[in-house]
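Student: I would like to learn how to read the features of a structure, one at a time. Could you take me through the one shown here?

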Amino acid sequence: PDRPSTMAKVPGVLWAQRDDRLYITIDVKNSTDNTFDLSAEKLKYTGKNKAGTAFEVELEFYEPINTEDSKRLINDHRIFFTIIKKEAGDYWPRLLKDKRKMHWLKVDFNKWRDEDEESEDENAVPDFGGMEGFGGGGGAGMPPGMGGMG
């Protein structure tokens, strides 16, 4: 039987942005039973860790995003998303539509770059070359030997 969603914990979420994309990391180690629901307005994640603890988070974006070109990557440590903004341009003042501070949402300073640094060395941005799109594919994980990355 399914556990009610109120039993699920909210995982830690890190985020950073560029003028055209968002980088979102959901911190669930050894995740299983992952489900993702990405729409133009929000991302909903549910899953479990190896110990069977259920996790759930819903991010209602500040502005619409492009679901077609957004990607995800799952490894043993975290779940990574590259979310493409529907309209490139100005940095968003925050990730979520809701102005309240969420204790589980933090800036990813490893990926953050200020708006005025945007044109400098784009190669420093992680590419996540092996990411899969949201359109399908259930292959969770990384190629053999790469489980320790992240």
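Tutor: We shall take aromatic pairs, the nonpolar core, a hairpin, backbone angles and salt bridges in turn.

Tutor: Before that, two notes on reading: this is a predicted model, in which local features need pLDDT of at least 70 and side-chain atom pairs count only at pLDDT 80 or more, while totals for chains, interfaces and linings use all residues. Residues are numbered from 1 along each chain as its sequence is written, and side-chain values use heavy atoms, with hydrogens and water left out.

Student: How many aromatic pairs does a search of the whole structure find?

Tutor: Rings of Phe, Tyr and Trp (its six-membered ring) pair if their centres lie within 6.5 Å, and planes under 30 degrees apart count as stacked, over 60 as edge-to-face and the rest as tilted. By that rule the whole structure has five aromatic pairs. One of them joins tryptophan 15 and tryptophan 112, edge-to-face, at 5.5 Å centre to centre with 85° between the planes. This pair links distant parts of the chain, since tryptophan 15 is in strand β1 (residues 12-17) and tryptophan 112 is in the loop between β8 (105-107) and β9 (132-133), 97 residues apart. Strands here are DSSP runs (E, at least two residues), numbered from the N terminus.

Student: Is tryptophan 15 buried or exposed?

Tutor: Buried means under 20% relative accessible area, exposed over 50% and partly exposed in between (1.4 Å probe, protein chains only). Tryptophan 15 has a relative accessible area of 7%, so it is buried, whereas tryptophan 112, at 26%, is partly exposed. Another edge-to-face pair is formed by phenylalanine 36 and phenylalanine 81, 5.6 Å centre to centre and with 75° between the planes. Here too distant parts of the chain are linked, with phenylalanine 36 in strand β3 (residues 32-38) and phenylalanine 81 in strand β7 (residues 79-85), 45 residues apart. Ring pairs also link Trp15, Tyr91 and Trp112 into a cluster.

Student: Which residues have the most contacts inside the largest nonpolar core?

Tutor: A nonpolar core is a set of buried Ala, Val, Leu, Ile, Met, Phe, Trp, Tyr and Cys residues joined through side-chain atoms within 4.5 Å. The largest one has 25 residues, and those with the most contacts inside it are Leu22, Ile24, Leu59, Phe61 and Leu95. The elements that give two or more residues to this core are β1, β2 (21-27), β3, β4 (42-48), β5 (54-60), β6 (65-74) and β7. Leaving aside residues up to four places away in sequence, leucine 95 touches Trp15, Leu22, Ile24, Glu60, Phe61, Tyr62 and Leu105, where contact means heavy atoms within 4.5 Å.

Student: How many bridges join β4 to β5?

Tutor: Two strands pair if DSSP finds at least two bridges between them. Seven bridges join β4 to β5, and these strands run antiparallel, with lysine 44 standing opposite glutamate 58 in β5. Their hairpin has five residues between the strands, and in it glycine 52 takes a positive phi near 90°. Asparagine 49, in the loop between β4 and β5, is buried, with a relative accessible area of 18%. The side chain of asparagine 49 reaches the backbone nitrogen of alanine 51 at 3.1 Å.

Student: How should I read a positive phi?

Tutor: Most residues other than glycine have a negative phi. Asparagine 30 has a positive phi of about 50° although it is not a glycine, and its place is in the loop between β2 and β3. Aspartate 33 likewise has a positive phi of about 50°, but it lies in strand β3.

Student: How many salt bridges does the structure hold?

Tutor: Side chains of opposite charge can pair when their charged atoms come close. A salt bridge is a side-chain nitrogen of Lys or Arg within 4 Å of a carboxyl oxygen of Asp or Glu, and the structure holds eight. In one of them the side chains of lysine 111 and aspartate 108 meet at 3.3 Å, N to O. Lysine 111 is buried at a relative accessible area of 10%, and aspartate 108 is buried at 6%. Salt bridges that share partners also join Asp27, Lys29 and Arg78 into one network.

Notes:
Helix = DSSP H or I, 4+ residues; strand = E, 2+ residues; numbered from the N terminus. Polar contact = N/O pair within 3.5 Å; in protein donor to acceptor, adjacent residues only side chain to side chain.
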